[in-house]
Amino acid sequence: NFESLDEEMKIEGFSEVVFFHRVIQSYWLGYADRCHYFAQKSAPGEAAVGRLLKLIASFYHGLAALQILRKKKSKVEMKEIARASLKALTAASDLSPINFKNKAELLEAELHRTEVVLRGNEEEKMHARKMYAKSVCSAEAAKFDHEKALALELAAHFYEENGELSNALRNFSEAKLHYTLWGSKVRVAQIEVAIARTETRLTR
């Protein structure tokens, strides 16, 4: 029955769109585990949201996976999720650098950051610094204020983890400026907490 099949596809398509939006919403609200959950739910389908939006969801899923891995070091499968996301984004960046170059660079920076957390490798620190800077520049060139803010914020967390508090504070402050331009009161509030924490550590 083609009518019932068509109806089933519409329902599946609607679910796919909902899961896609939940992936992004969960990441921006700071729920990495929830982002991962919805990304897994949305993974099988393709038609409903299209390849472009799948790549965007993959970007946030990769970032969330690495965040989970840094907190729960036994979750080694998260690294493979991030690597698969990076591979897809790098290929997309070759075709459309304006849309994907900063995303691939930021995910690569976060992979290096995660290696520093897991292994304390000095060479990985150097690569992380370089890729964060590249991502900030690429996001600025693409006029993606929110993704420039995100790159600055994640770089700030990296610097804070490694005791470079002045660099952390500078990046948090710049991130706050760009989140303000983007209009995200939630992210601005989160960054203000990070700024206060970093300033307190600097004055000790």
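Me: What makes the crossing of α6 and α7 left-handed or right-handed?

Reply: In this predicted model, α6 passes α7 in a left-handed crossing. That name applies because the near helix is turned anticlockwise from the far one by less than a right angle.

Me: Why is α6 called roughly antiparallel to α7?

Reply: Helix α6 (residues 122–141) and helix α7 (residues 145–161) pack at an angle of about 160°, and their axes lie 8 Å apart. Angles over 145 degrees count as roughly antiparallel, so α6 is given that description relative to α7.

Me: Which residues of α6 and α7 meet, and how are they divided by class?

Reply: From α6 the residues include K125, R129 and Y132, and from α7 they include E147, K148 and F158. By class, this contact has 10 nonpolar, 1 polar and 5 charged residues.

Me: How do you know whether E110 is buried or exposed?

Reply: The cut-off for buried is under 20% relative accessible area. E110 has 1% relative accessibility, so it counts as buried. This residue is found in helix α5 (residues 97–119). Leaving out residues up to four places away in sequence, E110 touches L63, L66, R70, Y132 and L154.

Me: How do you know whether K87 is buried or exposed?

Reply: Exposed requires over 50%. K87 stands at 68% relative accessibility and therefore counts as exposed. K87 lies in helix α4 (residues 77–95).

Me: What makes a set of residues a nonpolar core, and how many residues has the largest one here?

Reply: The members must be buried residues of the nonpolar kinds listed for a core, joined through side-chain atoms within 4.5 Å. The largest such core has 54 residues, and Y27, Y60, L63, L106, Y132, L150 and Y179 are those with the most contacts inside it. Helix α3 (residues 50–71) gives the most to this core, with 10 residues. In soluble globular proteins, nonpolar side chains tend to be buried together.

Me: Which residues does Y132 contact, neighbours within four places in sequence aside?

Reply: Y132 is in contact with L106, A109, E110, R113, A151, L154, A155 and F158.

Me: How many helices and strands does the chain have, and what share of its residues is buried?

Reply: The secondary structure comes to 9 helices and 0 strands. Of the 204 residues in the chain, 47% are buried.

Key. Residues numbered from 1 in each chain as written. Predicted model: local features only at pLDDT ≥ 70, side-chain atom pairs only at ≥ 80, totals over all residues. Heavy atoms only, no water. Buried < 20%, exposed > 50% of the residue type's maximum accessible area, 1.4 Å probe, protein only. Helix = DSSP H or I, 4+ residues; strand = E, 2+ residues; numbered from the N terminus. Contact = heavy atoms within 4.5 Å. Axes fitted to C-alpha atoms, helices over the stretch in contact; angles between N-to-C directions. Parallel < 35°, antiparallel > 145°, perpendicular 65-115°, else oblique. Nonpolar A, V, L, I, M, F, W, Y, C, P; charged D, E, K, R; others polar.
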